[in-house]
Amino acid sequence: LTKESYPNIQRSDYAKLEQKHLDHFNSILSSNSILQGYEDLLNYNEDWMKKYRGESQLLLKPKTTEEVSKIVKYCNEQNLALVPQGGNTGLVGGSVPVFDEIILSLQNLNKIRSFDKTSGILKSDAGLILENADNFLKENGYIFPLDLGAKGSCHVGGVVATNAGGLRLLRYGSLHGSVLGLEVVLPNGEILSSINALRKDNTGYDLKQLFIGSEGTLGVITGVSILCPPRPKVFNVAFLGLESYDKVKDTFIRAKAELGEILSAFELMDINSQTVTKHHLGTSHPLEDEHPFYVLIETSGSNNSHDLEKLESFLENAFESELINDGVIAQDETQLKTLWNWRESVPEASQSGGGVYKYDVSLPLDHLYDLVVDTRARLIEEGLLGDDKPVIDAVGYGHIGDGNLHLNVAVRGYDKAVEKALEPFVYEWVSSKHGSISAEHGLGFQKKNYIGYSKSELEIKLIKELKNVYDPKHILNPYKYV
Ligand code: FAD
Ligand code: MLT
Ligand code: ZN
């Protein structure tokens with residue numbers, strides 16, 4: 001898509017990039033921190049899904065917080081719009097420009113600042129890649145309290161800016177709990193820092209929370225302080241086949257009761273998600289027979305024989321009571337990774353046919369899977385799903401342990417008729433069940449017109465007022481959800 005695809009949005013009255021602006025950026029940054037030109041900027045202008053594409057002509061890659069501050073202050077004075085960008089793995093079109101906004105990439109601000117082995121507090125620059133942070137922590141016996149399929153590209157600052165949830169939220173909770181402090185460059189260039197905060201601090205409003213999940217609309221996160229738990233010594237993974245969604249729910253209740261403190265992930269995949277993944281990976285599925293639903297259970301703890309005994313006895317009971325029909329347990333590290341791969345590859349697989357419409361929703365567990373059933377039925381009724389039709393399939397998967405479903409509509413190419421059949425249908429459906437239209441990916445550009453399905457008028461008014469306090473000229477990430 002290009003900006004012609006955004007017919008209802010007008011470019012606001014921001015300044016256009018001129019030579020004097022470039023001269024100024026050249027005076028505050030080294031030459032390798034500035035990128036221009038269509039080809040060089042393509043990967044930064046376009047999002048991971050290849051669904052949204054802006055037309056920025058300038059990418060700035062500052063190396064220090066002070067440089068970020070100088071850039072933002074100048075842009076504010078000159079009325080130039082900016083998009084903060086991390087690893088550009090966001091899934092709601094929030095990380096790329098809509099028109100010609102300057103892209104402010106944090107990728108060169110990527111150092112570990114300090115690690116306290118006693119408390120587990122990691123302080124790092126925002127542009128540190130999540131996997132690099134976790135590898136560093138691994139060497140020190142700790143783990144990053146968030147894991148997701150994009151770990152090789154997404155940034156620590158990017159996941160905080162989106163308040164990403166990921167695969168182990170069930171165990172380690174939300175970033176609203178584990179982030180202790182942030183260093184943020186405000187839209188006027190001032191540096192707001194709570195990076196040295198300790199675990200407990202009840203001195204008035206907890207301002208950092210506002211930036212967690214603000215999607216680059218209130219400030220540029222330059223540093224993060226986060227509390228990391230000790231790394232479990234052993235991980236075990238079971239991959240199960242089940243015959244109904246009701247049995248998935250009952251298995252989840254049992255898993256919580258019987259696995260207790262060692263349960264670290266409980267992930268759902270439906271048969272359609274596994275069919276597209278099989279097609280994409282081209283390898284044989286871990287379970288020979290097909291089942292309507294699959295669940296990946298991970299346990300992690302400190303004693304292998306204890307953990308394995310618990311997991312095996314849980315599985316034995318679940319088989320005996322006919323909750324599960326089939327299953328395997330990973331016997332070694334390689335098998336464990338292979339089983340996880342069948343879950344973590346679903347996003348890539350479901351978009352590999354040409355595109356994907358993604359819906360990331362929170363729902364009461366009782367209704368969670370009905371959304372996939374009803375959406376599928378609607379697409380069939382509208383004559384949009386099937387061989388030689390625009391929709392390849394509607395697949396369901398997600399973090400069922402957190403009540404978070406991902407509905408992916410895999411398409412052969414982006415298609416307005418499909419979009420019209422899905423939106424606002426999906427949002428209305430979710431709202432009617434009092435769910436959230438964004439469980440973990442945010443609103444970004446995709447859901448900018450739909451915030452009212454999950455937030456009240458008063459909440460939206462307060463969000464806009466806060467935006468006006470922090471960013472009165474609206475230079476940060478415009479045209480998105482605020
Ligand atoms: P970007 O995509 O670059 O930016 C995301 C948003 O944050 C944008 O609005 C941007 O403006 C803003 N932003 C980025 N950095 C900063 C900063 N330093 N300061 C201010 N604003 C900033 N999400 C989940 O919640 N759970 C998952 O399990 C999950 N799995 C994923 C798997 C794959 C394969 C992919 C591609 C994505 C997945 N995501 C998941 C989406 C998730 O939102 C991103 O991976 C991650 O949170 C974004 O990090 P990023 O550094 O790439 O940020
Ligand atoms: C996931 O759980 O795999 C992520 O949120 C990414 C996605 O849904 O595409
Ligand atoms: Zn997810």
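Trainee: Where does Pro 424 sit?

Mentor: Look between two helices. Pro 424 is in the loop between α15 (416-422) and α16 (425-432). Remember that this is a predicted model.

Trainee: What kind of peptide bond joins Glu 423 and Pro 424?

Mentor: Check omega. Here omega is about 10°, and the bond is cis.

Trainee: Now phi. Which value does His 434 take?

Mentor: Phi of His 434 is near 60°, a positive value in a residue other than glycine. His 434 lies in the loop between α16 and α17 (457-470). Asn 163 is another case, with phi near 50°. Asn 163 is in the loop between α5 and α6 (169-172).

Trainee: Is His 434 buried or exposed? And is Asn 163 buried or exposed?

Mentor: Count C-beta neighbours inside 10 Å. A residue is buried with 20 or more, and exposed with 12 or fewer. Asn 163 has 21, so Asn 163 counts as buried. His 434 has 11, so His 434 counts as exposed.

Trainee: What comes just after each helix?

Mentor: Look at phi again. α11 is followed by Glu 322, with a positive phi near 55°. α3 is followed by Asn 79, with a positive phi near 60°.

Trainee: Which residues of α11 are buried?

Mentor: First, the general idea. An α-helix has 3.6 residues a turn, so residues three or four places apart point the same way. In α11, the buried residues are Asp 307, Lys 310, Leu 311, Phe 314, Leu 315 and Ala 318. They cover an arc of only 125° around the axis, which puts them on the same side of α11. On the other side, exposed residues include Ser 305, Glu 309 and Glu 316.

Trainee: What covers the buried residues of α11?

Mentor: The cover includes strands β10 (234-242), β12 (293-301) and β13 (326-329), as well as helix α9 (245-259).

Trainee: How many residues of strand β15 are buried?

Mentor: Nine of nine, in residues 391-399. Next, find its partners. β15 and strand β16 (residues 404-411) pair in the antiparallel sense over eight bridges. One bridge sets Asp 393 against Ala 410 in β16. The hairpin has four residues between the strands, and Gly 403 takes a positive phi near 65°. Strand β11 (residues 263-270) is joined to β15 by two bridges, also antiparallel. There, Leu 268 stands opposite Gly 398.

Trainee: Which residues surround ligand 2?

Mentor: Gly 398 is one of them, with Leu 91, Gly 149, Val 346, Pro 347, Lys 358, Asp 360 and His 406. By type, that shell divides into three nonpolar, three polar and two charged residues.

Trainee: And which residues come nearest to ligand 1?

Mentor: Of the 37 residues around ligand 1, Gly 86, Gly 90, Gly 94, Gly 158 and Gly 216 come nearest. α5 gives the largest share of that shell, five residues. The shell holds 16 nonpolar, 19 polar and two charged residues.

Note on methods: Residues are numbered from 1 along each chain as its sequence is written. Chains are lettered from A and ligands numbered from 1 in the order in which they are written. This is a predicted model: local features need pLDDT of at least 70, side-chain atom pairs count only at pLDDT 80 or more; totals for chains, interfaces and linings use all residues. The arc is that of the directions from the helix axis to the C-beta atoms. Two residues are in contact if their C-beta atoms, placed from the backbone, lie within 7 Å. A residue is near a molecule or strand if its C-beta atom, placed from the backbone, lies within 6 Å of it. Ala, Val, Leu, Ile, Met, Phe, Trp, Tyr, Cys and Pro count as nonpolar, Asp, Glu, Lys and Arg as charged, and the others, Gly among them, as polar. Two strands pair if DSSP finds at least two bridges between them.
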